[in-house]
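Please keep the sequence and the model at hand while reading.

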Amino acid sequence: MRDRFTSSQWAGLTLIGGLIIFPFVVSLFTGQPVESGVPKFWQGMLIQVFILAVFAMSYDILMGYTGILSFGHALFFGTGAYTIGILLKHAGWDLGSALLAVIVIAIIQSLIVGLLSLRVSGVYFAMVTLAFAQMFFLLAEATDFRQWTGAEDGLQSIPVPAWISPTTERLRFYYVTLAFAIIMYLLARQVVNSPTGRVMMAIRDNETRAKVLGYHTLTFKLIAITVSGVMAALAGAFNALWNLNANPAVLGVGTTINALLMTIIGGVGSLIGPMLGAGVIQLLGYWLNVFFGPSWPLLFGIVYILIVLFLPYGIVGTWRLRSAGWLAMWRERSRSLIRFFNHP
Amino acid sequence: MSDVLLEVDTIHTFIGQFHILEGVSLKVRTGSITALLGRNGAGKTTTLRSIMGLNPPRSGSIRLAGEPINGRPAYEIAQLGVGYVPEHRAIFRDLTVEENLRLAERKRGDLAKRSDFIMSLFPDLKRFYRHPGGKLSGGQQQMLAIARALVADNRLLLIDEPSEGLAPIIVEQIVAALRQMAAETTILLVEQNFAMAAQLADEYYILDDGRSVQHGRMADLVHDHATIDKYLGAG
């Protein structure tokens, strides 16, 4: 157990190390400066992966760890994007204060949505959250607030501070979003491994059983939706900083479905799985687009069906299930080989 | 002070439009094991669920140590010191044995304090301490479900069909464990297996069609073959 923990820690550190040197490795292989050309393009690709990874992980806390299916998770992502955009562009706030406001607003919003919708469960909860997200989607599109939100055109040209500009300071933005993803992962892991996380998992297994053990399950579901909402809102804020805009699509159903796909492809209830799912969706989408042009979503649909058929628990879930069997098989084969060489 | 820990007085419970309990009354004395007997569908499980607040009665009263508890949510009733072991080995399958037990702590250190007692009752749990509950055998899962109710300092345990679907040798282990537990707490036991209930209980109540029809000392019931045949269909 201890060995396995150490090896997974080691694998994580290797991955982080790889991501830290990645821009310079691309620069070395292409012969182009790290701040421009192909290295800059790939930094942009991974920046989007890091942001989506946090968003997917936030969905996993809700669905994978607490068993709450939401069709309106885009609500938090989109609100985060619009909040930081409006505060930077119209209120002239500094970045730190704006990010703090994103957190505070996400907490308030999660608590309100949770209190109003968590009294129902299953598909009813999903429908209520969908209604909330659609309400905010319509608000973002409404022409009455055009001067604040940009209505259907979205909030354009968000003034991102020069030191973190995704266009001129791409490498710095890359490291900031990498750090953001790592910090969010460590925080999420802390939550799911805590006694509160155990109660969340108990609710996922059987809410009535958790109640008869003395747990006020609504409180724990509120904690889950708040943690998840804050993470999603911060991901949305970074998404707005990256794109320099926030448009109504970030509040749309498509954004929630994206989170759902990333979580299912990567592996529900594993944190690292949805992060991997974000990478798969972003990079696979890019390569399919390069090779097959505009018909790539159709092919992606086929790939998605194949993944669900052959990896029913997602990439990480299936790996965990089979790794024990594979490990035993390799041990047995190694022993057979050793026996063969000792006594041919 | 009365030695009655739980008093259920003429409760009527509905599930949807169905009138399941039509005036169930019973008393459980402190430190006793009371068996709730009856055929399938008599209302035994619904009685436990009503006491626990999962199917609150529409009328009648339920008192724990004199304090009314009907109408309170299940988590509050649990916090008052009522442990519930539902039928069908209600464990958390994805969590380990340790995590299942730790979830039942009401105060930090509850498990550490009672761990030795629990492991002496169910040594198998020690062996599979870090295994997921879902990987245990049926008997071990039942032991875990009972053990979970022992972690916190519960005044009353409601135990529903602990022998259901288990091999006789496992049932014997559970009988032995329940007997030891009776020295520490009060138990209201629902059990279809009359032989098991007869070994354990001090008193009994018989339910029939949602009504409590007879009660008395278990020592008397074991010789009352007419009642056993009439209401329990077991000889």
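A:Trp296 and A:Phe300 sit 4 residues apart, about one turn of the helix, and both belong to helix α13 (residues 296–310) of chain A. Helices here are DSSP runs of H or I with at least four residues, strands are runs of E with at least two, and both are numbered from the N terminus.

This is a predicted model, in which local features need pLDDT of at least 70 and side-chain atom pairs count only at pLDDT 80 or more, while totals for chains, interfaces and linings use all residues. Residues are numbered from 1 along each chain as its sequence is written, chains are lettered from A and ligands numbered from 1 in the order in which they are written, and side-chain values use heavy atoms, leaving out hydrogens and water.

## Aromatic pairs

Over all chains, the structure holds 13 aromatic pairs. Rings of Phe, Tyr and Trp (its six-membered ring) pair if their centres lie within 6.5 Å; planes under 30 degrees apart are stacked, over 60 edge-to-face, and the rest tilted. The pair of A:Phe50 and A:Tyr174 is tilted, because the ring centres are 5.4 Å apart and the planes are at 55°. This pair links distant parts of the chain, 124 residues apart: A:Phe50 is in helix α2 (residues 37–65) of chain A and A:Tyr174 in helix α7 (residues 170–192) of chain A. A:Phe50 counts as buried at 6% relative accessibility, and A:Tyr174 counts as buried at 0%. Buried means under 20% relative accessible area, exposed over 50%, and partly exposed in between (1.4 Å probe, protein chains only).

The rings of A:Trp296 and A:Phe300 have centres 6.3 Å apart and planes at 70°, so this pair is edge-to-face. A:Trp296 is partly exposed at 27% relative accessible area, whereas A:Phe300 is buried at 10%. Elsewhere, ring pairs join A:Phe41, A:Trp42, A:Tyr286, A:Trp287 and A:Phe291 into a cluster.

## Chain B

Chain B has 10 helices and 10 strands. The C-alpha trace of chain B spans about 45 × 40 × 40 Å along its principal axes.

Of the 235 residues of chain B, 54% count as buried. Among contacts in chain B (heavy atoms within 4.5 Å) with a separation of 6 or more, 69% involve residues 24 or more positions apart.
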